[in-house]
Amino acid sequence: MTGIEELLLSRIRDVADYPEPGVMFKDITPLLADPAAFTALTDALAAIAASTGATKVVGLEARGFILGAPVAVRAGLGFIPVRKAGKLPGATLSQAYDLEYGSAEIEVHAEDLSVDDRILIVDDVLATGGTAEASIELIRRAGAEVAGLAVLMELGFLSGRARLEPALRGAPLEALLVV
């Protein structure tokens, strides 16, 4: 295990039985509260942005905003929020996707993406991959290229990577931690 992995893991708190019995929630708020850990995380994700040749960072609602915005600033790139449906004013592109129990929809301002853009998608956790897969489709429908997906933590037992690899079409999926 590397020094950054140890630092990040040491600042992630396990919360048993949240939000329901049997679930072990990974709380990143202690990591965000620690300036050294948050800086190390931001630097690591910004390095991924640079290595992918990204021109913009997309953050997925809501914790992807917290991680993606400082990554974009550190990497000297623009930041674009992908939000739940109905949260963005003006013209949007939307993408529906299935959840375990039902469906959801995400949106982006279409004018924020162009055919010249290479997008790094940033989020806190890769679980089943449904939201990330929908964001990949949304970005491509807007005409931009997906440069990669970067997450703080991948929950390997939920097989999100296997779901996303075909959708990524060879673009990298980088997880700083796999649990």
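A residue counts as buried under 20% relative accessible area, as exposed over 50% and as partly exposed in between, with a 1.4 Å probe and protein chains only. By that rule Glu154, at 6% relative accessibility, is buried.

## Basis

The model is predicted: local features need pLDDT of at least 70 and side-chain atom pairs count only at pLDDT 80 or more, while totals for chains, interfaces and linings use all residues. Residues are numbered from 1 along each chain as its sequence is written, and side-chain values use heavy atoms, with hydrogens and water left out.

## Salt bridges

The whole structure holds 11 salt bridges, each a side-chain nitrogen of Lys or Arg within 4 Å of a carboxyl oxygen of Asp or Glu. Glu154, Arg161 and Glu165 are linked in a network of them. Arg161 pairs with Glu154 at 2.8 Å, N to O, and with Glu165 at 3.9 Å, N to O. Glu165 and Arg161 both belong to helix α6 and are four residues apart, about one turn of the helix. Arg161 is partly exposed at 26% relative accessibility, and Glu165 is partly exposed at 45%.

Another salt bridge joins Asp34 and Arg11 (2.6 Å, N to O). Asp34 sits in the loop between α2 (29-33) and α3, and Arg11 in the loop between α1 and β1 (13-16), so the pair ties together parts 23 residues apart in sequence. Asp34 is buried, with a relative accessible area of 16%; Arg11 is partly exposed, with 28%.

## Helix α5 against helix α6

Helices (DSSP runs of H or I, at least four residues) and strands (E, at least two) are numbered from the N terminus. Helix α5 (residues 130-141) packs on helix α6 (residues 160-168) at an angle of about 10°, with the axes 9 Å apart. Axes are lines fitted to C-alpha atoms, for helices over the stretch in contact, and angles run from 0 to 180 degrees between N-to-C directions. The two helices are therefore roughly parallel, the class for angles under 35 degrees; over 145 is roughly antiparallel, 65 to 115 roughly perpendicular and the rest oblique.

In contact (heavy atoms within 4.5 Å) are Gly130, Ala132, Glu133, Ile136 and Arg140 of α5 and Arg163, Leu164, Ala167 and Leu168 of α6.

## Helix α1 against helix α3

The axes of helix α1 (residues 3-10) and helix α3 (residues 35-52) come within 10 Å and cross at roughly 130°, which means that α1 is oblique to α3. Ile4, Leu7 and Leu8 of α1 meet Ala36, Ala37, Ala40, Leu41 and Ala44 of α3.
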